[in-house]
Amino acid sequence: MHIPFLDKWRKRPAAERDAGLAEAFAEEPEAVAELLSECELLRSHAADAGLELDDSPASLEALDQLPPRWRDDPEQLPWLGNDAGLYLGTVVVRTVPGAAWHVWPGGHPVVRLASGREIHVVEAGLDWAVSGAPELSQVYAEASEG
């Protein structure tokens with residue numbers, strides 16, 4: 001996959017890269033949304049468990065039912081939690097009318113609902129990966145209600 005903003009971002013000094021995701025999002029929101037939806041580690045774990053992630057609310061319910069074997073690997077845990085949050089955000093953006101990605105100036109991605117409420121999906125994913133709560137399907141249900 002070729003994502004043009006990454007070439008520009010990589011050429012910048014490290015100090016300028018901190019806000020790079022927010023700037024890239026402002027310039028090419030569709031490309032950034034595509035990048036956020038990759039969630040390669042989570043998709044790999046799900047596939048190993050026989051689950052195909054199809055960006056649907058039902059797939060969030062299926063993820064909630066997976067045995068949390070990733071908790072045995074403290075190095076992998078935060079990465080998988082991050083992916084879980086980005087996957088949650090992807091499902092919300094693709095299925096909840098008016099929901100869209102928003103990237104704060106510091107590079108923190110959130111999902112903004114039509115009501116203006118923001119869902120901190122990465123934090124929700126990390127909480128889910130560490131403790132199992134809140135369930136991803138529960139966060140989705142709350143987002144789709146309002």
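A polar contact of 2.9 Å ties the side chain of Asp55 to that of Arg43, and that pair is a handy way into this predicted model. From there, the tour goes to a pocket of about 190 Å³, the largest one, then to an open sheet of three strands, and finally to a cis peptide bond between Ala133 and Pro134.

- Asp55 sits in the loop that runs between helix 5 (40-48) and helix 6 (57-64).
- Despite not being a glycine, Asp55 has a positive phi, about 65 degrees.
- Asp55 counts as buried because its relative accessible area is 16%, and the cut-off for buried is under 20%.
- Leaving out residues up to four places away in sequence, Asp55 touches Arg43, Tyr87, Thr90, Val91, Arg94 and Thr95.
- One of those neighbours, Arg43, is also the residue whose side chain makes the 2.9 Å polar contact with the side chain of Asp55.

**The largest pocket**

- Helix 4 (29-36), helix 5 and helix 7 (77-95) each put at least two residues into the lining.
- Helix 7 gives the largest share of the lining, with five residues.

- Is Cys39 buried or exposed? Cys39 is buried, since its relative accessible area comes to 4%, against a cut-off of under 20%.

- Three strands make up an open sheet, in the order 1-2-3 and with antiparallel pairing.
- Strand 1 and strand 3 are the edge strands, each pairing on one side only.
- Strand 1 (residues 100-103) pairs with strand 2 (residues 109-112) over four antiparallel bridges, and Val103 has Pro109 of strand 2 as its bridge partner.
- Strand 2 also pairs with strand 3 (residues 118-119), again in the antiparallel sense, over two bridges; here Val111 has Ile119 of strand 3 as its bridge partner.

**The hairpin turns**

- Which residue in the turn between strand 1 and strand 2 has a positive phi? That's Gly107, at about 100 degrees, in a hairpin with five residues between the strands.
- Strand 2 and strand 3 form a hairpin too, with five residues between them, and Gly116 in that turn has a positive phi of about 100 degrees.

**A cis peptide bond**

- Ala133 and Pro134 are joined by a cis peptide bond, with omega at about -5 degrees.
- Pro134 belongs to the loop between helix 8 (121-131) and helix 9 (136-145).

Key. Residues numbered from 1 in each chain as written. Predicted model: local features only at pLDDT ≥ 70, side-chain atom pairs only at ≥ 80, totals over all residues. Heavy atoms only, no water. Buried < 20%, exposed > 50% of the residue type's maximum accessible area, 1.4 Å probe, protein only. Polar contact = N/O pair within 3.5 Å; in protein donor to acceptor, adjacent residues only side chain to side chain. Contact = heavy atoms within 4.5 Å. 1 Å grid on protein atoms, 1.4 Å probe; cavity = no way out; pocket = protein on both sides within 12 Å on 5 of 7 lines; lining within 4 Å. Points joined across faces, edges and corners; volume = space filled by probe spheres on them. Pairing = 2+ DSSP bridges.
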